[in-house]
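Take a look at the sequence and the 3D structure below. This short report visits a few places in it.

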Amino acid sequence: MVNVLYWLLVIELIGLVAFSLAFAILPRLADRGYSVAKPLGLLLLSWVMWMLGSLHLVPTNPYTLWAALFLSSIASGWYAYRRREEIIEFVRRERHSILIGEGVFLLVYLAWVVYRSYDPSINTTEQPMDFAFLNASVIANFFPPEDPWLRGNDVPYYYFGYLMMGNLTELTFIPARISYNLALALIPALAAAAAFGLVYNLIRAHGGSALKAVGFALLAPMLLLMTSNLEGVLEFVRLREWGAASFWSWIGIKDLGPVDTSSWRPNDYLWWWRGSRVIDTLNAQGGSLDYTITEFPFFSFMLGDLHPHVMSIPFILLFVSYSLNFFLTPVTFGSRWVRSHFGTVFVAALLLGGLAFINTWDIVPFAVLWAALLIFKATRQQSNWKESGWPRVFPLVWPPVATTLFLAILMYIPFYLSVDSQASGILPVGEMSTRPIHFLIVWGLFLVMLLPFLVRQLPAVFFLPPDNPVVLCANCGTENSSESRSCVDCGTALEIFKNKKEFWPRAVVVLALIFLPFFIWMAWQLGWSTLTWSTTPLVVVAERFLNTLPLVLLLFVALYSLIRYVESGASSAMVFVLTLISLALLLILGPEFLRVDDLFHNRMNTIFKVYYQAWIILAIASAFGLYFLSSMKLPSGSILRLAMRGWWGLIGVFFIASLYYPVEAAFTKSGQFAGDTTLDGLAHIARSSPGEYAAIRWLQDNGEEGEGVLEAVGDSWTSYSRISSSTGLPTVLGWPWHEHQWRGSREPFEGREEEVSTIYATPNVSEAMRLLDKYDIQYVIVGPREMATYGTGGMAKFSQIGDEAFSQDGVTIYRVRE
């Protein structure tokens, strides 16, 4: 309990110190950045210490971290004192939203602390890898940290998220085996507060009342973190025996089929895993032909992988919040804009570059978001569209876009100089395609919420005859006379096309943008591919077109409406939300045509990462979309009124259906919330192998940065390499397959596995000493895994090579003599 409280107090302190900066750089947001002050402060503190450590100027340890936080608090206090009257007035005005947002943060934090106390073990999937990088970040004084699983080499991965959690670990003096689980409670709490604040700021920017903004903003963290895709509904249907074998064959989710006994709750432990593996194509034997990952945030936090795509969520929302503040700020672009607004560009680059360092997959979509917003801002300052048009915008925009991207890389250049990658380029997707039913299962909740929002944009999209008696305002939905030039309620310029000449030029451009990936893919499919199925290329192309057509239509409405609203000067909040929706739909459609090529040579990782980004974006857009729908007047016709109310009912049904999975999955994976509670992620080792647990604790207390350990090499996703993972002290070779993935080649560790085997198995002391010197090893582990892997014949020699530093329950640590 003390650790839980101390961790909370430190992040609250960081948020309080950073609020002055947020208040200064986010003046256009109703909450002045309070909802994102904690991730902002954590990112800034970690970036400064990382840069100083990368330049070998200042080591990172608890004392230097506290010194940096102290100096930051002095600067923050000085600024707060200078602006005290303005800050006091802000707090008085926004006290309710601040308290509710803080309540959301605390509630989510404590809820996940409770969950993790029932499911704390760091022992499966990618958890040992994540724990290894967290420990490496904690023990490192300078950067990059040494790879715990490849002695003598730098961490080849994007590790900023681990470093930030490691800095918190050092600030709180909490052992990493506990802070790992506290981090998994903190990240959703930061994300929940940021999502609440972002939607609150969007609604207030749109003109909504504070009360309404708070109400709908509370939906954002629920949609982001507490809902699931609709696979859970299928689990319930399956348990009730409501589907025939042919139905489950048509659904085509691996291992999801009819059961023999009716039940209300799942009985098999791993049923919840299927929710993250929805999209697939199965062969006649039920094997995967198109294996993909369809994770969503609740699944991730329940699973317990402290992975980059998980840690990036609050920082994505921080960047989106900063982008919203920029979009709401009056701007006049010119030749000297970058120079006169360098602070704006610098902060954007710092946040965008941070996203790449946390999770490299994030830099492209959110760089596109930033560039799009710059283009739209420049567009709005053009006074005469008939004569100037869009081409005049790009000369104004490319300098700030290029400068932002350049600085985003420059400010993190030490990371780019050390990182490796398995990615080798962008390739067209083969004959695999996502079936519409799988689209519906994954995205049904958000689509049912956003569909009426997009439908209400249709008056601004399609040609309306001049004698149309009523024009719907695209901004607020109010009915206006066709003679009106602006909305009687909100004053927004009304969009009605008197002829098709206004529609088709823009429509052609939008369609070209949407179909460009499709045409690239089609050219490859028809001209250069070699199909493996018994289908012709034309059939594959036609199937792909039909499968993606519904999403293409939605994207067309979103993009075309966006262009019209940008040109007409409609609400900035509406333009911003439509930009988010368009970006999310592009992310969903993209993997149907193009994929990042990696060692798996399929679209698994592409769908995994871009779907995750789309989920985050659509959760925000959906919460705003529901607010927008609730603010509109009901249609005048009785049938339309009935349809609208029926759709609200459908939204409610989908929302409730999306809650079945989180409730039941958490109940199943936590062991029905029974048993002892702890936040020690290694407690399972203490129960199953007390000697190994004691050895880990001994090394944590006695090992130092720069020292290396030797332990057995074995397969990934097993208990091998557990000591190096749990201490951060590097071993000769950890999980070989993971090193291959990170580095894109086996060359950096070629021969190491055989040399580790030689060290353990050979009776020759000189040979073993030569190899131990080669890898600069200070500690040799001899335990059950080592003896099971290499036998016992060569183990006696270690008493001649080193001193017995630790021994308990069959686990011995030898300290190699110098």
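A residue counts as buried when its relative accessible area is under 20%, and as exposed when that value is over 50%. Keep in mind that this is a predicted model.

Arg32 sits in the loop between α1 (2-25) and α2 (37-54). Its relative accessible area is 10%, so Arg32 is buried. Ala788 belongs to helix α32, which covers residues 784-790. Ala788 has a relative accessible area of 67%, so this residue is exposed.

| Residue | Relative accessible area | State |
|---|---|---|
| Arg32 | 10% | buried |
| Ala788 | 67% | exposed |

**Around Arg32**

What does the side chain of Arg32 make a polar contact with? The partner is the side chain of Glu86, at 3.3 Å. Leaving out residues up to four places away in sequence, Arg32 also touches others, including Phe19, Ala22, Phe23 and Phe90. Leu26 and Pro27 are among them too.

Ala788 and Gly207 are 581 residues apart in sequence. In space, their C-alpha atoms are 68 Å apart.

**An open sheet**

Four strands form an open sheet. Their order is β5-β6-β8-β7, and the pairing is mixed. β5 (709-710) and β7 (802-808) stand at the edges. Each has a single partner strand, so one side of each has no neighbour in the sheet.

Strands of a sheet pair through backbone hydrogen bonds, either parallel or antiparallel. β5 and β6 (residues 779-782) run parallel and are joined by two bridges. Leu710 has Val780 as its bridge partner in β6.

Terms used: Residues are numbered from 1 along each chain as its sequence is written. This is a predicted model: local features need pLDDT of at least 70, side-chain atom pairs count only at pLDDT 80 or more; totals for chains, interfaces and linings use all residues. Side-chain values use heavy atoms; hydrogens and water are left out. Buried means under 20% relative accessible area, exposed over 50%, partly exposed in between (1.4 Å probe, protein chains only). A polar contact is a pair of N or O atoms within 3.5 Å; within protein, one must be able to donate a hydrogen and the other to accept it, and residues adjacent in sequence count only if both atoms are side-chain atoms. Contact means heavy atoms within 4.5 Å. Two strands pair if DSSP finds at least two bridges between them.
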